[in-house]
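Hi,

Here is the structure I promised to pass on. Have a look at it first, and then read my notes below.

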Amino acid sequence: MLGLLPPACSLQSGHVKFLRFPANQTRPHMTATHSFSLLNLCENPQHLQQIHARYIILHGLHQNLILSSNLIDSYANLGLLSLSQQVFNSITSPNSLLYGTILKNLSKFGEYEKTLLVYKQMALQSMYPAEDTYPFVIRSCSCLLDVRSGEKIHAQVVKLGFDSFDDVGDALVEFYIKCDGGFENEKGMIQRKFKDLKSRWNSLISLAVQNGKSEKSFELFKLMRMEGAEFDSGTLINLLRSTVELKSLELGRIVHCVAVVSDFCKDLSVNTALLSMYSKLASLEDAKMLFDKMSDKDRVVWNIMISAYYQSGFPKESLELLMCMVRSGVRADLFTAIAAVSSISTMKNIEWGKQMHANVLRNGSDYQVSVHNSLIDMYCECEDLNCARKIFDSVKTKTVVSWSSMIKGYVTHDQSLEALRLFSEMKLEGVEVDFVTIINILPACVNIGALEHVKYLHGYSMKLGLNSLSSVNTAIFISYAKCGCIEMAGELFDEEKIDSKDIITWNSMISAYAKHGDWSQCFKLYTQMKQSDVRPDLITFLGLLTACVNAGLVEEGRIIFKEMKESYGYEPSQEHYASMVNLLGRAGHMDEARELVKDMPFKPDARVWGPLLSACKMHSETELAELTAEKLISMEPENAGNYVLLSNIYAAAGKWNGVAKMRTFLRDRGLKKTPGCSWIEIGKLVHEFWAADQSHPQADAIYTILGILELEIMEGRRESSEELKFS
């Protein structure tokens, strides 16, 4: 090959080095053979372009069809498809070889529409590519789901006799499976193609699964069995994947039976796939039965079962299984850690959490950011935000999940300002916000009444296209409603199509109107909801009862409470009873409220006794108040508010001994009411104030102005009093 190189270039370390020609030197004659050699040596786009210009175009070889075909491939191999197309377009009379070359490269680069366009241009000239080009053309039809073009090309393939080639046949079968176009009419073709090629059935079934045609995978399996073709473990594993996609436990059990009858239950891979199927389809009982019978259990099997217990709501059993796994000598990995940490998060056991964290460090599973994210969640759930933040700060490659988890932790523990600071930092870091982050940060804005922040997040979501998601849209209009902007909330709710409104959306808007005291809108939405065939749930009725409480609609509340139990068969919760007690108590129906509490099918908690005690204060029911307060204090001995409320009831009734007793309780136990907190948003900056708080950096100036205002108010009152005297 070295002898073919012209004197204008030489080789160094396997790369082409270009030499300068002297001004008076005659250029050597260049042949197509020389050019082929140079093209094969090029690994650099710049070198390829130089060879193209200096040795192909200048020597008049640019219309050489074989050389041009090679040049098209060379540009494409270096990722320069546009230059490949330019070479093709420069050819005056391209032949089938050249067409075939450009068709392959267009398809490889995902230019499927251009592939079909070039193929049609070729066919108009009564030219057709070789059999090795047709798979690329047919797969372009598959990717575009272009059934009409695919069927026409299939007819041409049959006419040319290319359908007997395996690659062409595979592409056709893939096309009919993926496009689902005339699949039933092509069974004969599939039968002819695979009758003598039994080993290819598995790849065909796998192809159906990969393309989301789960039903087709079972049709193919049935056809396979009719042809007498044998199946193997791979076939069953693919069918089990299809059962998960179809969410059909019944089909999964049928495949399990086939595995038992065919003696594949000794195969670890089949057992693992079966266990995974039962786990994903939430059949813990079947999964446990299979797991117990398995003699051979590797780490994957243990991990699937540990996760199955956690996902089914048995975190304690999940951790117990982890201990069994360790005792059996199987070492945990990062998947084990994630499942175990999630179980600990559910149980909120900080001691177990720290032990698991230490185990993760010891086993070296902390190299994965997903493990860090699980630990952040776990510490937040266990109310140790300091540890959660330390882990968050230590993660070098933070994902959007890392940020969202920490933000959610702050919001859950009433540290809304900290959550907003972290959100701002997240954006400054250039992390792309997802819908989960938006949903997590919105409650922080609501907690501090930052309406401007809600508006900003609304606009930000629209910019990112996240507001098209029902969950995001619902979170946004709830936030508007809770910040007092019920009109905007209503507009967003009305913008959603009636069919896309789920139970969460309806409940959220009903609750929003209830809290704003607009009971007529609540009942209007309730009627519309039933007409849209969405079944009300317990949260719906809680929102309606809240509306009745706020509007003082006693009779309507009784009807709603009765409808919930009798028409829909729901058993009211503590909150529903609390709402009814509150409604009856406020209206002065104390005997009915007391009887409702007495007849509850379960022991009432503080949510029920609290409204009853408030009603006693409102209507001076001292005797009932003492009984109610006794219940409350036994349940919440550290809640100073209960003692204060009972003290006020005693004071209103003139029972000063009772007042003194309550004050003594408060003093001796060192109890204090939780101080009030308020926020104000100025220039998109939120300021936080607590009762008798001096921590604000401008506290001195603030209290000085408050003092001036107080003096002005007192002066205004004095002047008004004097004016009244003279009048």
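Let me begin with the charged pairs: the structure holds 15 salt bridges, a salt bridge being a side-chain nitrogen of Lys or Arg within 4 Å of a carboxyl oxygen of Asp or Glu. Side chains of opposite charge can pair when their charged atoms come close.

Before the details, a word on where this comes from. It is a predicted model, where local features need pLDDT of at least 70 and side-chain atom pairs count only at pLDDT 80 or more, while totals for chains, interfaces and linings use all residues. Residues are numbered from 1 along each chain as its sequence is written, and side-chain values use heavy atoms, with hydrogens and water left out.

Start with Glu-219 and Lys-216, whose side chains meet in a salt bridge at 3.6 Å, N to O. Both residues sit in helix α12 (residues 214-226), 3 residues apart, which is about one turn of the helix. (Helices are DSSP runs of H or I with at least four residues, strands are runs of E with at least two, and both are numbered from the N terminus.) Lys-216 counts as buried because its relative accessibility is 11%, whereas Glu-219, at 26%, counts as partly exposed. For these words, buried means under 20% relative accessible area, exposed means over 50%, and partly exposed is in between, with a 1.4 Å probe and protein chains only.

Next, Arg-253 and Asp-286 form a salt bridge of 2.6 Å, N to O. This pair links distant parts of the chain: Arg-253 is in helix α14 (residues 249-261) and Asp-286 in helix α16 (residues 284-293), 33 residues apart. Asp-286 has 17% relative accessibility, so it counts as buried; Arg-253 has 38% and counts as partly exposed.

Then there is Arg-558, which forms a salt bridge with Glu-592, their closest N and O atoms being 2.7 Å apart. Here too the pair links distant parts of the chain, with Arg-558 in helix α32 (residues 554-566) and Glu-592 in helix α34 (residues 590-598), 34 residues apart. Arg-558 is partly exposed at 26%, and so is Glu-592 at 32%. Glu-555 joins in as well: Glu-555, Arg-558 and Glu-592 are linked in a network of salt bridges.

**Two surface patches**

Patches are made of residues with over 30% relative accessible area and no salt bridge; like charges are joined within 9 Å, and nonpolar side chains (Val, Leu, Ile, Met, Phe, Trp, Tyr) within 5 Å. Glu-487, Glu-491, Asp-494 and Glu-495 form a negative one. Of these, Asp-494 lies in helix α28 (residues 486-495) and counts as exposed because its relative accessibility is 56%.

The other patch is nonpolar, formed by Tyr-703, Ile-705, Leu-706, Leu-709 and Ile-713, with about 460 Å² of accessible area together (Shrake-Rupley method, 1.4 Å probe). Tyr-703 belongs to helix α39 (residues 699-726) and is partly exposed at 35%.

What does Gln-415 contact, leaving aside its neighbours within four places in sequence? The answer is Leu-385 and Tyr-410, where contact means heavy atoms within 4.5 Å. Gln-415 is found in the loop between α23 (400-412) and α24 (416-428), and at 34% relative accessibility it counts as partly exposed. Ile-448 is 33 residues from Gln-415 in sequence and 9.9 Å from it in space, C-alpha to C-alpha.

Cheers

How values were computed. Lys and Arg count as positive and Asp and Glu as negative; His and the chain ends are not counted. The place of a charge is taken as NZ of Lys, CZ of Arg, CG of Asp or CD of Glu.
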